[in-house]
Structures are given as structure tokens and as C-alpha cells.
Amino acid sequence: MLGWVKFLLPARTRPIVVNRRKIRFIVFISLLLMVSFSATSIISYYVANDSLQRHIRSNTLPLTSDNVYSEIQRDILPTTVISSLMAHDTFVHDWVISGEADDKKIVRYLKSIQERYKTTTAFFISENSRNYYHSSGVLKQVNESDPIDAWYFRVAKMTDDFEINVDNDTANPNRTSVFVNHKVVGDQGEFLGAIGVGLSSASVKKMIELYQARYGRQVYLIDKTGNLKLRSKHHQGADNIRDSEGISRIATQILTSPGGSYSYQKNQQEIYLKTRFVPELNWYLLVEQVNETESQIQNTLWINLTFSFFITLIVILIANLTIGKYQQRLEAMATKDKLTGADNRHAFETIFAQALRIADRRKEALSIAVLDIDNFKAINDQYGHLAGDEVISSVAKILRAKLRDSDMICRWGGEEFLVLLPCCELAAAEVLANKVCQGINEYAIIANGRAIKITASFGLSSYQLGDTQADLFNRADQALYRAKQKGKNRIEVG
């Protein structure tokens, strides 16, 4: 019996033990917070730095490159549409078929195209006469032996409808233009000539500067030999990437690959580079970004560590002020029912499980009683919830008065109690239950000037070897159900 009493009665902790535990707890929390904050901040620094670098290389920079490439295509696309419309214009077809009688008509047509669509140049070369018609007049006759005219004979043989190439403007040899050369084909599929429009490389250069300003990265284009063809006015470096610091080391890789991601060192800075070949221009598009993430993230690391230190101090202060004040209150709230002072279900389940293990190990008797206040809902409805609370607390007082000191009382549900009876055979448990039942019958509370008589029904069961907590409770609960079915205010044994 003494062993059960020692186990089941609440322990009383000495103040000095509580203080030592409090100090150890605060020291532990302090160390845990400082180590956790520091480790988290440092790990986050390295993870963020690595993740951001990988994100720039694998996502941000390729996405910027794709966007710039798309915008280049978008800005050149109108010229391809214009050239297509010109190549299918019935006026051009009819004028060629009629023998190119009046040069002024085609010149006027080309001039109107150039002015309407704001292109740098507009042209038509006839296959019949080999005349080079321009918005300013007839410039020349193309000759297959002249290298300058090689583009025309290439267009005549190609299978595609059009091509885009960069070349010197025949009308202005000092100006490089981006041309859209479109084949003109007759109704029978015969080649009638080449027609198209051009944009000056200067206007395309302005586009590059716009892309660079928009995305905050350096953008430039090179040809297949590495020569810089289009770049912003702020671009620094040699005219060929093979002669530029840092990038010269990977120049061959860039020029022999359709695209890729690289990095190189320049002026003690790491530079990320994304390249791709632009077939429409026969050039390479290069997008660069300087790695400035590490210093930014390092500043964030120091801010996080400083912030973590102050947070740790605040937590220690709060813990020190509140733990002592609320320790006992929290323990009571965690284990006791506020209305009755009996153990709550959460705390009791642990005691219940431990009691079963002790009974099994020591081969001792163990019984439980489940009691339910009869007609409790009717009392609540007729007299109010305050009267109902008084009934529940009164039953708890009667249980404590009639049971042994070693018996444990738990408020199991709303108006239901569970009593743990250690070292108690079933017959003895029934005797105790009768004492409690009689005490409840003899008790009355006053509500609204009227005496309320209360009764309770009981279900009993005793531990059998191998029983689980659920087995023992279910037998008692079934017995309680039978007591209710047989008229209430009685005791049934499971």
C-alpha cells in the first residue's frame, strides 16, 4: 500500500530544487538559443550564397538571355513581316512581269515603304534585269563575280522564303545594316528577284542599350571570330573577346558552342556569363552579371547575428521573470480540473498506464469505478449551468470524503468521473462504491430556493492479467451503461 501511496500522491518539490532547475533551464535555453541562432545564421549565409549563385547561373541569367533573345526577335520581326508583304504585293509582280517599263514606279513604291515603316532602307533586285532598285533610284546591276553581291545569289538558291543577315548597305557603304532578304516568286514558282528592308546597326545598338538598362546586366553581341559587333557605349574591353581579360580563357569554348553558362575573373571580381548563338544574325549573344551577392549576404549575416544576440537576451529576461511566477500555475493547469480540483484526463491517463504496469509487475489487485451523475442535462436545463457546476463539484467532494487516500479521482468527462482503486479487489471496490453512492443520495444542493437531490450510476471492473487500459475501462463503461439501463442510481460490475 505504501508503495502505491508514494507513487500516486502528488510530489512536493523543495524550493531549492526548483531554483536549481530554473537556473539550469535558463542556462540551457540561453546556450540553445545562441548556438541555434548562430548556427542557423551561418548555415543560412552559406546556403543562401550558394543558392543565389546557382540561381543566377541556372535561372536568372539564362532567363535574361532568353528575354533579350526574344526581344531581339520581336524587334526584328516587323521587318520580316514588311518584307513578306512586299514579296507578295501584286504591284511588284505585275511591274516585273510587264517588263519593268517605268523605274520611277518601283522607286516610288520602295520609298513609300521606307517612309511608312521607318526602315533605314528598302530595295528590290530583279532577276530579269539584275537591276538594284532602291528608294533613292537604280543603284547598280548585281554581278555574280562581285563579292558584294554574293548575298543576292545566295538568296536565289536558298529554299527558305527569307533570310536575315548583317552587311554593308549598298546605298551607303559606310553603314552596316541588318537586312531582311525575301524571295519574290511568281505564280508558276519562278524566281523573280529579292526584295526587303533594312535597319541600321546603330538602331539595333540602341536596342541593345535598352535591354541592358532594362535588365541591369551587360549585353553585347560578337561574331563567330569573337569580334564585338554590337555593344553599349559603357562596355569596357578589347574589340575581340580573345584579347579581353578573363574571358579570353574561355573564348574558344564560347565560339565553338551554340550556348552555355560560364564564369570568369576580371578586376578581382567574379563574372557570370550566359551565351547563345543567334542564327538570325549569325552572331553570339552574351549576357554578363557581376557577382555582388556575397558581400550583400555577408552584411545580412552580421545583422542576423546581432539581432539574434538581442533576441536571446530578451528571451532570457522574459524566461527568468515568468518561469518562477507561472511554474506552479502551469503545473496545476496541466494536471488538474479547474472546477473540481481532481486530476484531468490528460494527466490521469499517464497515472492509469503506470498503475497497470505496477499491478502487472507486482501481481496486485487493481479496480476502477466509472460514475456518471444521473439526469445531469435536466438539472442544467432546469436550474442553469451554475447549479450544474455546483452538482459536479459536490460529487467530487463526496468522492474525496468517502474514498481512501491512495485512491485517485479523475474528471473523465462533463459529468463523468473515473476512480482508480489500487490494491483493491472487485468486492472491496463495490463496498467503496456503495459508500460513495449513499453519500451522494444523502446530499442535496440548494438552487433557486429549491433543494436538488442528486444520484449517480456506477460501473466497476477489476484488472485481469494482460488487460490493457482500454480493456479495463471498456468493461467498467459497459457496466455503467447497464446501470443506466436498469434505472440509474445503482452499481453494476463489469
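Predicted model: local features only at pLDDT ≥ 70, side-chain atom pairs only at ≥ 80, totals over all residues.

Two strands pair if DSSP finds at least two bridges between them, and strands (E, at least two residues) and helices (H or I, at least four residues) are DSSP runs numbered from the N terminus. Residues are numbered from 1 along each chain as its sequence is written, and side-chain values use heavy atoms, leaving out hydrogens and water.

**The whole chain**
- The protein chain holds 13 helices and 18 strands.
- Of its 494 residues, 45% are buried (buried means under 20% relative accessible area, exposed over 50%, partly exposed in between, with a 1.4 Å probe and protein chains only).
- Contact means heavy atoms within 4.5 Å; among contacts between residues at least 6 apart in sequence, 58% join residues at least 24 apart.

**A five-stranded sheet**
- Five strands form an open sheet in the order β8-β7-β11-β10-β9, with antiparallel pairing.
- Strands β8 (228-230) and β9 (259-266) are at the edges with a single partner strand each, so one side of each has no neighbour in the sheet.
- Inside this sheet, β7 (residues 218-222) pairs with β11 (residues 283-290) over five bridges in the antiparallel sense.
- Lysine 274 belongs to strand β10 (residues 269-278) and is buried, at 18% relative accessible area.
- Beyond neighbours within four places in sequence, the contacts of lysine 274 include Leu61, Pro62, Gly260 and Leu285.

**A nonpolar patch**
- Ile23, Val27, Leu31 and Met34 make a nonpolar surface patch of about 360 Å² (patch residues have over 30% relative accessible area and no salt bridge; like charges are joined within 9 Å, nonpolar side chains (Val, Leu, Ile, Met, Phe, Trp, Tyr) within 5 Å; a salt bridge is a side-chain nitrogen of Lys or Arg within 4 Å of a carboxyl oxygen of Asp or Glu).
- Isoleucine 23 lies in helix α2 (residues 15-87) and is exposed, with a relative accessible area of 54%.

**Around lysine 435**
- Helix α12 (residues 426-441) contains lysine 435, which is partly exposed at 39% relative accessibility.
- Lysine 435 and alanine 401 are 34 residues apart along the chain, with their C-alpha atoms separated by 9.9 Å.

Conventions
Areas by Shrake-Rupley, 256 points an atom, 1.4 Å probe, with all protein chains shown as cover.
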